[in-house]
Amino acid sequence: MAVGVASTAYGVYQFYTTFTMWPPEVRSDLRAGVKAKHQGDHDLSARYLQRAWDTAQTLPLSAFSSEPHLKLSGIAVALAESLEATNRPQEAYDIYKTALMQLRAAKGLSGRERMRAVAIAHKLGEMAEIYQQGPEETEQWLTFAVEEALRVVKDEASGGKGKTESVEEPEGEVGAMLAELDLPWWVRKIDIAAPLEALGRFYAQEGKNDYAITLYLQAIGMLMQPPPNQKNASIEDRCRGAQLMNNLSDIMARGPPPANLHYAESWARQAQGVIEKTRTLPGAQKEAESMELCEQTLAAVLYNLGALLEMGGKHDEARQSFQDSLDQAKKIGMRAGAMEARSALRRLERATKSGPPTSTAPNGDSRKA
């Protein structure tokens, strides 16, 4: 019992010695807001963080020392996250908008601050779609995210800093202060390809296939590019790249025949090849979450490849691909994918007995397979 009491006392002391690098005007509210979040009281967390955000707006930028907009927008993100957790998406949306507008109006931003603007714009684009703010608003946020991300990459390269050297997660005082806010993963991870993926998916849904193809190709190129001094891209990036190749295959299938089937099949087979190679890379099995995406994508790729082969009249190859998709879906416990593959096999069997088959269009987005 004595050890437990001592440990608890140390934990309380350790918590209350945090946030000491933040301006004193916001320190106590930030500490209380993050503590309430950890305790699951998001309403209370939002109240404290709202007060910290309001107070922060009255302080000079010099109060936040280096990279002040990274810290100010961090408060905004923490607040918006708590608002979302209490089912107040419109209030969260407005906070994100305000934070982004401040970043866009600021001068002399660091690479990290500019990428914070990209992350928030990407988040706004996702929220605009989820909460039906209209396609124009979704496109507006995602377009800014893509254009600014590409500008950052260009500026970093022209400055001789490498692709994203000065935009990686901060260390030292800035890193410690942001860590205390316990920000969500999407704002902590530097991800140049993510907004390109999102805008490409948006254009695909809107039927603007040429735009979607261009963005998917750019995103695939970024994801599949190995880091400096490495032979291969990361496991996560390779799996995401394969997923986009599968989605690109679906878009290609919508083009004019017969070239559409050729290009669509080529991208599907490339996705399959990437996944199969990724399985063999050192450390792949240790990255369970990334490999789960690869394995799910493979089930979708095999199904879509079967549909493409069927559309091209290659019934035996199509049957084998549908069977491979069924086996893969069963192996990973993907019930919906297994049902689709079984249905395709039964339909193909009936069609080949009765006459020319009526093919099923590929299922492009592997997340839905």
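Which residue does the side chain of Asp250 meet in a salt bridge? The partner is Arg254, at 2.6 Å from N to O; a salt bridge here is a side-chain nitrogen of Lys or Arg within 4 Å of a carboxyl oxygen of Asp or Glu. This is a predicted model, in which local features need pLDDT of at least 70 and side-chain atom pairs count only at pLDDT 80 or more, while totals for chains, interfaces and linings use all residues. Residues are numbered from 1 along each chain as its sequence is written, and side-chain values use heavy atoms, with hydrogens and water left out.

**Salt bridges**

- The count of salt bridges comes to 20.
- Asp250 is buried at 13% relative accessibility, whereas Arg254 is partly exposed at 43%; buried means under 20% relative accessible area, exposed over 50%, and partly exposed in between (1.4 Å probe, protein chains only).
- Glu265 and Arg269 also meet in a salt bridge, at 3.0 Å from N to O.
- Both Glu265 and Arg269 lie in helix α13 (residues 259–280), four residues apart, or about one turn of the helix; helices (H or I, at least four residues) are DSSP runs, numbered from the N terminus.
- An α-helix has 3.6 residues a turn, so residues three or four places apart point the same way.
- Glu265 is buried at 16% relative accessibility, and Arg269 is partly exposed at 36%.
- A further salt bridge joins the side chains of Arg347 and Glu310, at 2.5 Å from N to O.
- That pair links distant parts of the chain, with Arg347 in helix α16 (residues 335–354) and Glu310 in helix α14 (residues 288–311), 37 residues apart.
- Arg347 and Glu310 are both buried.
- Arg114, Glu148, Arg151 and Asp155 are linked in a network of salt bridges.

**Disulfide**

- The structure holds one disulfide, defined as a pair of cysteine sulfur atoms within 2.5 Å.
- Cys239 and Cys294 form this disulfide, with their sulfur atoms 2.0 Å apart.
- The torsion about the S-S bond of Cys239 and Cys294 is about -100 degrees, so the disulfide is left-handed.
- The bond links distant parts of the chain: Cys239 belongs to helix α12 (residues 235–253) and Cys294 to helix α14, 55 residues apart.
- Cys239 is buried with a relative accessible area of 0%, and Cys294 is buried with a value of 0%.

**Helix α3**

- Helix α3 (residues 42–56) has 15 residues and should span 21 Å at 1.5 Å a residue; its end C-alpha atoms are 20 Å apart, which agrees. The expected span is 1.5 Å times one less than the number of residues.
- The buried residues of α3 are Ser45, Ala46, Leu49, Ala52, Trp53 and Ala56.
- Seen down the helix axis, these buried residues fall within an arc of 130 degrees, so they line one face of α3; the arc is that of the directions from the axis to the C-beta atoms.
- The cover over the buried residues of α3 includes α2 (24–38), α4 (68–85) and α5 (89–105), where contact means heavy atoms within 4.5 Å.

**Nonpolar cores**

- A nonpolar core is a set of buried Ala, Val, Leu, Ile, Met, Phe, Trp, Tyr and Cys residues joined through side-chain atoms within 4.5 Å.
- The largest nonpolar core has 54 residues, of which Leu199, Leu248 and Phe322 touch the most other members.
- Helix α14 supplies the largest share of this core, eleven residues.
- Leu248 touches Ile213, Tyr216, Leu217, Ile220 and Trp267, not counting residues up to four places away in sequence.
- Another core, of 50 residues, lies apart from the largest one and has Leu59, Leu72, Ala78 and Phe144 among its members.

How values were computed. Helices (H or I, at least four residues) and strands (E, at least two) are DSSP runs, numbered from the N terminus.
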